[in-house]
Amino acid sequence: MGGQRDVIVIGAGPAGLSAATRAADLGLDVLVLDEQPAPGGQLYRNIERAGADTLQILGPDYSLGLSLVEKFRKSAAQYQAGSIVWNIEPNGNVYFSQGGRSSQVRGKFVIIAIGAMERAVPFSGWNLPGVMGVGGIDANFKSSGTVPDSPVVIAGSGPLLLLIVGHLTSLGVEISAVLDTTPIGNMVSALPQLPGALRRIDYLLKGLGMLLNVKRTGIPYHRGVTAYSAHGNGRLERVSFTAKGNIHRVESGLFLTHEGIVPRCDFTRLLGLLHRWDPVQRYWYPQTNQYGATENGVIYIAGDGAFIHGGIPAILKGALAALDIAEKLNLLPASDKADAIPRLEKELSAELAPRPFVDALYKPHQGLYNVSNETVVCRCEEVTAGDIRQAVEEGCREPNEIKALTRCGMGHCQGRMCGGALAEIIAGEFNLEPEHLRPLNIRAPVRNLSLSELSEVVLLENSDQ
Amino acid sequence: MGRTVAIEFEGATLQVPDTMTVAAAILSHGGKNHIRLSPVSGEKRAPYCFMGVCHECLVEIDGAPNQQACIIEVREGMKIRRQLGLPGGDE
């Protein structure tokens, strides 16, 4: 068993960095695999090289990552940037490709900390250049420091939307309109959750502050938007939208949308782990215990990949996973067991107090997946909502059947972008919730590989390189 | 900001900060209209998610097709080409 590490952490975002640092500090042999060139994940992307102006614009929520990354760099955790993990086996075998060459390594435990992605919601024209996810423009700014030079239209719902509007305005980007798709009735239906959220009034005030900031800029702000689409010939030229029953049009060079974020379940699906459906935020999440352990025992999930809780909870969840694993390896000092674990749990519970309110407030609107028949759902294979509905009419009911019939989910992204929408569209045809359907199967390799990356795998020994 | 490196995109030389991803470099230097053509219909596509999920940013780097431009950083002398249709083909 010479090639075995104590823990392999996949992902170097808030949860992964926290888990790796904590585990390494307890004396565990830790390997971190991350596909990005530098640590930070999406939230703290490129933070080590961020200039003072970037830090100022992105504010304390971003610069919090500085100390996290610094502690990680000082720890004994081994870090392999640019590593694309393409298979994980239930026994802790992890396969990854780096610089075009594949390796295999085995962990006594594996912590999957790959976080979340923006919910991909198809709409007419979303495949035009000039249409991006809000998260995409945020990542581009963190990575390059560049900002859009043409007027931007932003649509969707959720706290991240307001945050990005704030960032873009402080960068001097011209925003022609904000299209808010949050159902107006959510404010009322979220009220029962408000008392719990008042435990963290600072969070609520911060959210309110973001909203007021957007109002103060005087940007046209449309509430109750129920549909939007992008138009143009080979590139975005115009956005149209329906707000309170009226159709509007606005010229735009860049259209950014955001309908919330969802856990990335690529690996947990690959591993065949149990998933549950969250009816409020409408996403699947892998089932874990309070330390992130799955029913498999070897595989842990930390951070937003387990459930969407945000950055600070991800850091806490990462630490909890590390401590639980240390305990299983008999490397956790008794004092930590008595103190550190309960303290972290208490901190996490306080952080999560506002979450049910925020989730209810930004519950996706009902018509989110009323996708028109001509709209491309699977971007890779250009399968439309009409193709999917046709397959349903022909007697199909399961996403995997429809994939086989239409190629929806069979392209480069392997169904990551269309899998959720496919299930929602089918469920809509049957008046069901997607939880009653079986989501797309995920098989290894979960990333595009060359044949040599697939056939020549080097077994990594447990030695310092 | 740190150093800049020279990369080549579709034959044109670009000077970009060495911390940029390939996708960011192309988008901010004249490649915003498209980064590839869909192999199915040939329609123009550009990076969408910027975080390794959507695979809309696939480019050819130094002769190797299907490289994810949004998670690969620029390097001095890197040669990048748009992927037009199926990888390896010129159509």
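How many strands and helices make up the secondary structure of chain B? One helix and seven strands. Keep in mind that this is a predicted model.

Let me start with chain B. Along the sequence the order reads β-β-α-β-β-β-β-β. Chain B has 91 residues, and 51% of them count as buried. Now the contacts. Take those in chain B between residues at least 6 apart in sequence. Of these, 37% join residues at least 24 apart.

Next, the strand pairing. I will follow β7(B), residues 79–84. Which strands run parallel to β7(B), and which pairs with it in the antiparallel sense? Strand β1 of chain B, residues 4–9, runs parallel to β7(B), and two bridges join them. Here B:F9 has B:I80 as its bridge partner. Strand β3 of chain B, residues 36–37, also runs parallel to β7(B), again with two bridges. In that pair, B:R36 stands opposite B:Q83. Then there is strand β5 of chain B, residues 58–61. β5 pairs with β7(B) in the antiparallel sense, over three bridges. B:I61 stands opposite B:I80. Note B:I80: this residue is the bridge partner of B:F9, and it also faces B:I61.

Over to chain A, and a helix pair. Two packed helices are described by the angle between their axes and the distance between the axes. So, the numbers for α1, residues 14–25, and α3, residues 60–74, both of chain A. Their axes come within 9 Å and cross at roughly 40 degrees. Who makes the contact? From α1(A): A:P14, A:L17, A:S18, A:A20 and A:T21. From α3(A): A:L68, A:V69, A:K71 and A:F72. By class, the residues of this contact are six nonpolar, two polar and one charged.

Last, the two chains together. On the chain B side, 31 residues are in contact with 32 residues of chain A. Which elements of chain B give two or more residues to that side? They are α1, residues 22–28, and β4, residues 44–45. α1(B) gives the most, with three residues. The side of chain B that touches chain A has 15 nonpolar residues, 11 polar and five charged.

Notes:
Residues numbered from 1 in each chain as written. Chains lettered and ligands numbered in written order. Predicted model: local features only at pLDDT ≥ 70, side-chain atom pairs only at ≥ 80, totals over all residues. Helix = DSSP H or I, 4+ residues; strand = E, 2+ residues; numbered from the N terminus. Buried ≥ 20, exposed ≤ 12 C-beta atoms within 10 Å, placed from the backbone. Contact = placed C-beta atoms within 7 Å. Pairing = 2+ DSSP bridges. Axes fitted to C-alpha atoms, helices over the stretch in contact; angles between N-to-C directions. Nonpolar A, V, L, I, M, F, W, Y, C, P; charged D, E, K, R; others polar.
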